[in-house]
Amino acid sequence: MVPLVSVIIPTYNRAGLVRLAVASVKAQTFRDFEIVVVDDGGDDGTYEALGADPELRVLRHPGRQGVSAARNRGVTAARGEWLAFLDSDDLWLPDKLARQMSFLERRPELLICQTDETWVRRGVRVNKPAAHRKAAGWIFLPSLGRCMISPSAVMLHRRLLEAHGGFDETLPAAEDYDLWLRLTWRYEVGLVDEPLVIKRGGHPDQLSGQWGIDRFRIQALVKLLADPDLPGDYARAARRMLAAKGAIYAQGCHKRGRQTEAAWYENLSRAAGSAPGPNAYAAYR
């Protein structure tokens, strides 16, 4: 029987954490789902341990290819009409899928929605900054500044990825920022305003807190601005954000003695401040 929802969990050398993530999915009150775990070439026994579980579909990359490739592999293997992602260090509360499916049944025009989340750092609950408060509706403009959708909280119809592509496998980070920008100017985003995800952070293997990640957001903005169909007001806002992020990143490069790199981003920032159309960014792609 084909499931309604496919839950896709990418993981790399997180055997203990991913078992807890899987358990939180198995505990869902909504039951019409499958679990697809993609082991991204790990060597800690994750594949062997989970592969023996008949309730899971466990796939394995022969070598590490990155979280985007792992998620995309899961999407390709998934059979469900709806796709939900769960990072291997996060957890779901038992009603997460049930609340989202009920919400989507009441809002059939929506093809993507997310829930709120609780943040935990090194085992301690922390308050989210106000800037990270979840938003609903047409959220493209606020999404330019920061990632407004959490992979572990989102559910989307599979045809969105079929129409607009999956996670960019050339981006080692900010791959979710890139995807949400491609989707949020086209689609309204729903919000189940309940903290149904426990987002756990503070792990040493996380990239999001390291300096330099913004260069991948800059790359995503350059890609976005190369789309001739992007509406003019959205393109102008994206250029302003690209100019700002490029200038800030260039300052960081100067502080670290990376003068050639700094000059490149300064040139990009100036181009974003003056360029009228998508072809202006050909040199930066």
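Cys 253 is buried, with a relative accessible area of 0%; here buried means under 20% relative accessible area, exposed over 50%, and partly exposed in between, using a 1.4 Å probe and protein chains only. The model is a predicted one, in which local features need pLDDT of at least 70 and side-chain atom pairs count only at pLDDT 80 or more, while totals for chains, interfaces and linings use all residues. Residues are numbered from 1 along each chain as its sequence is written, and side-chain values use heavy atoms, with hydrogens and water left out.

Cys 113 likewise counts as buried, at 0% relative accessibility. The structure holds zero disulfides, a disulfide being a pair of cysteine sulfur atoms within 2.5 Å. For Cys 113, the nearest cysteine sulfur belongs to Cys 147 and is 16 Å away.

We can turn next to the nonpolar cores, each a set of buried Ala, Val, Leu, Ile, Met, Phe, Trp, Tyr and Cys residues joined through side-chain atoms within 4.5 Å. The largest has 30 residues, and among those with the most contacts inside it are Phe 140, Leu 181 and Leu 242. Elements giving two or more residues to this core include helix 5 (140-145), helix 7 (175-184) and helix 9 (232-255); helices (H or I, at least four residues) and strands (E, at least two) are DSSP runs numbered from the N terminus. Helix 9 gives the most, with nine residues. A second, separate core of 29 residues includes Val 7, Ile 9, Leu 50 and Leu 196.

Ten of its ten residues are buried, so helix 7 is largely enclosed by the rest of the structure. Its buried residues include Glu 175, Asp 176 and Arg 182, as well as Leu 179 and Trp 180.

Among the strands, strand 2 (residues 33-39) and strand 3 (residues 56-60) run parallel and are joined by five bridges; two strands pair if DSSP finds at least two bridges between them. Val 37 has Val 58 as its bridge partner in strand 3. Together with helix 2 (residues 46-51), strands 2 and 3 make a right-handed β-α-β unit.

Finally, His 157 lies in strand 8 (residues 154-157) and counts as buried at 8% relative accessibility. Leaving aside neighbours within four places in sequence, His 157 is in contact (heavy atoms within 4.5 Å) with Glu 81, Trp 82 and Leu 111.

Terms used:
A crossover is right-handed if, with the strands pointing away from the viewer, the path from the first strand over the helix to the second runs clockwise.
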